[in-house]
Amino acid sequence: MNPKSRQWLPKSAVIAIFLLPLLLISPKTYVTLTISGIAMGMLLFLVASGFSLIFGFLSVLNLAHGALFAWGAYISFSAFSFINQWTGWGGSNSIFSNILIFLLALVAAGIGVAILGVVTERLVIRPVYGSHLFQIFITVGAMTVMEELIRIVWGPNDEPMPVPVSFIGSWDIFDVVVSKYPLIAIVIGLILYLIVFTILRRTRLGMIVRAGVENPEMVQVMGHNIYRYFTGVFAAGSALAAIGGGMWATFVKSINPAMGGEVIVFALIVAIIGGLGSMTGSVVGALMVGLSYNYVAYLIPKGALGITMLLLVIILSIRPTGLFPEGT
Amino acid sequence: MEADLVAEPILKVEGIHTFIGKHHVLQGVSFDVYPGRVTVLLGRNGAGKTTTLRSIMGLLSPSQGIILLRNQAIQNMRSFDIARLGIGFVPEDRGLFNLLTVEENFRVAMFQEDKSTQQRLETILEIFPDLKRFWKAKAGILSGGQKQMLAIARPLVNNNELLLIDEPSKGLAPIVIDHLIDAIQKLQKQTMIILVEQNFYMASSLGNDFYIFDDGRTVHKGQMEELVANEEMKKRYLGISG
Amino acid sequence: MNKDSLNPVQRFRLKEKEGRFRSPYFFLKVLLLAFFVFTPYLFHSFQIVDVVLKIIIFSTLVASYDIILGYTGIVSLGHVMYFGIGSYFVGIFMGKLGLISYGYLALAILIAVLISGVLSVLIGFFSLRIRAIFFAMVTLAFMEFTFILASQLRFITGGDDGISFNLPGIMAIGYRLGRFLGIEFTGRMTNYYLILLVSLILFLLMVRFVHSPVGRVLQSIRDNEQRSVALGYRTYLFQVMASSFASCVAAMTGGCYAIWVCYVSPSSSLSVSIMLDVLLMVIVGGMGTLYGGILGAAFLMITGAFLPKLQVLVAALLPGVPFAVRLSERWLFYFGLLFILIVYFFPKGMVGTAQEIISRRKGE
């Protein structure tokens, strides 16, 4: 495909998804759905981007990514409960305390899973660099172990996820129902995206990572200890998934040990649609999936997953490697 | 000239055997690189020249043999450590980061972004003015010749004493090759170069010493002037006639 | 045929064929078959018979997966989808539609096999041209999709609860054929031998396929795809062929499974965890060795049946601290660790490593 068409396809696809539903849905419902759609997109972006970045940079297929997501949810669950016990910020009516405890829980999840990620990369992933097949095998084993570890530490049952008081409910703006939490999720998601983007585009570290996505061997030859970067990127990608986990749990208000499995498929589809190894692709893909899912869920309740698969099929037929090339 | 030959070689490669998978690609490679000289590795395709460079650079681990850089054994070191000792590498495919700008390509190559590196950069940009013009452009849009210039210029920002260059003239038009030869001749003053080159014109213009590879072994060595005159050797090992 | 007039390839093939019946492996296989045939007589506990039959069913499934993974070299993560399709068609015909008869049973399986074949061809055409790793993820996505489809479309599939059903004629659970050589021949027994027979046939078919000219081309594609293309083979047609053959076998296996347990549900026939089990079995047994599937299946089924008992024992010995209890309870945790270690130390699987050791000894 010539370069010009490379650019207009993803843009027109997103615009189409944004605008088509207006033909079928009333504007007010449209706004509500769009907001939930973007929120879902943000959460999917967090999980998918970690996976995509790890694949792009380390060339590693990490099927345990979903388990890291679940760990994130559980750590933020515990952190939240713990902090709330001491400070009561979760239950208070002050928006500031609510936001503070929420952010702290997410940060705890991010740090905790980053550490878990470093351990995983060193022990489980390093031995299987270079063989996608064995990565699949060994990460499946790691996923089982991580999931079971959750069951051991926290118990095998579903738990309700505590939500800060002021996040519940919605506002009524000009007759449009705007749920509170999705908006907050969008804001946090955007901030995280900007942080990742800035690091990638404006720092030396990010520059080396982007170079490594294109050509890891050359980066090594230039004197950079690529193994340290591998560990770092793996930890960062896992941390993103963890934060996504914490936010997702707050969204659906519950956690269960197998929650990784449900989301990983969506994240996988988002990563494939967007193009593995591309941050921009993850954002665009996530928005497409999030929005289409919500619109279709409203119009044809059972068809929501179908639209996601359909999107996958269509995009892979036109652009087998995904919308954006590696490293963008 | 005489005095240089008596000096110690900075890089000594002795008896290297390297396997790629099951293939015994290098079956005894030995050569020395002297300061201030361009050493050219010649030979047919598949003779093991690129593999040799990669072995020196640590991308492949030799199963036997020694590589000494100033009497330090580097054959088992990791690539990034070898690079930091002062060896730059310009691979056959150039190894450019096409999605990064020319500026970023240089910055990734820098060991540290300090004053002396900056100064070296300015000197380099004088030798390769095109790169200054396209400073903020993505490396992918450069022409073939410019890409080659960038590939060679990049490792020079560090105080590298040895540069490994693999087939730089590949796919370039003759006039661009002349440019390249010019640029490399300017570089030669500060840096030792090991050049792998199929293009005999380029090899003979730049090279001082040569080594001929055949079937994974170094089979002949000598001074470039001798080789230029020796039709029989050229035909036998390089397939060049006339 | 005069031996001297044969070319090297023909001579090699002839030697292989002749050697087949004399090799020690052959006797091992016959022994194993005998074991399977006589299991209901040797073990009167139904639980053991159940485990053995599940080993038989899953060996066949794993062998079909091995054809794709080990012989053709394609990584698919959605193979169990076809297994599920086979199970579901049997379940829907017998259960939801209530068409309980031999004819409909055969029809159900036939339709399932056809759909699986066509589906795998479609997916193959669509995604084998993209990078291998994409194929893995796309097939995973498709399987998950089917899973969710099965849970949502209650009116056809019975949703998450699944469909319980009965079987026709002599296959029905309650049916009694009378005593035969010392044991009571219920419908269950009939099904046991029926499934054993079908699995045997399928297994032999797979072995034949792998040793056939087509099978050899596949192995050459796996080993060196570029060379195969250079030699003129339309590699990706062969890959699609192998993939559809394997899916048809998987569908049949799924049908057998449904017949045995008389029940289908998303989690029992279509879930990712079954796919992971199959992966495990392939690794433990070894890729590229059809018989490794038997070992892998045996390993998994036996530990699956045995470990929980062990865990109850251990839990009884430990104090009642919830954490400690849970630590001993989650045998899957240790299993996962064990699995990682196996991948680490036996990348060729048990059968594969054994084969390697044996061939190395022969070389010496």
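Modeller: Two residues of this predicted model are in contact if their C-beta atoms, placed from the backbone, lie within 7 Å. Among the contacts in chain A with a separation of 6 or more, 79% join residues 24 or more positions apart.

Colleague: What makes chain A as compact as a globular protein of its length?

Modeller: The globule rule is 2.2 Å times the number of residues to the power 0.38. For 328 residues the rule gives 20 Å, and the radius of gyration of chain A is 20 Å, so chain A is as compact as a globular protein of that length. Chain A has 12 helices and 4 strands, and 55% of its residues count as buried.

Colleague: Why is helix 11 of chain A called mostly covered?

Modeller: A residue is buried if 20 or more other C-beta atoms lie within 10 Å of its own. In helix 11 of chain A, 17 of the 21 residues are buried.

Colleague: How do you know what span is expected of helix 11?

Modeller: The expected span is 1.5 Å times one less than the number of residues. Helix 11 (residues 279–299) of chain A reaches 30 Å from its first C-alpha to its last, close to the 30 Å expected.

Colleague: Which residues have the most contacts inside the largest nonpolar core?

Modeller: They are Leu44(A), Trp71(A), Ala267(A) and Leu164(B), in a core of 276 residues. Helix 2 (residues 27–58) of chain A gives the most to this core, with 18 residues. Beyond four places in sequence, Leu44(A) has contacts that include Phe266(A), Ala267(A) and Val289(A).

Notes:
Residues are numbered from 1 along each chain as its sequence is written. Chains are lettered from A and ligands numbered from 1 in the order in which they are written. This is a predicted model: local features need pLDDT of at least 70, side-chain atom pairs count only at pLDDT 80 or more; totals for chains, interfaces and linings use all residues. A nonpolar core is a set of buried Ala, Val, Leu, Ile, Met, Phe, Trp, Tyr and Cys residues joined through C-beta atoms within 7 Å. A residue is buried if 20 or more other C-beta atoms lie within 10 Å of its own, exposed if 12 or fewer, and partly exposed in between; C-beta atoms are placed from the backbone. Helices (H or I, at least four residues) and strands (E, at least two) are DSSP runs, numbered from the N terminus. Two residues are in contact if their C-beta atoms, placed from the backbone, lie within 7 Å.
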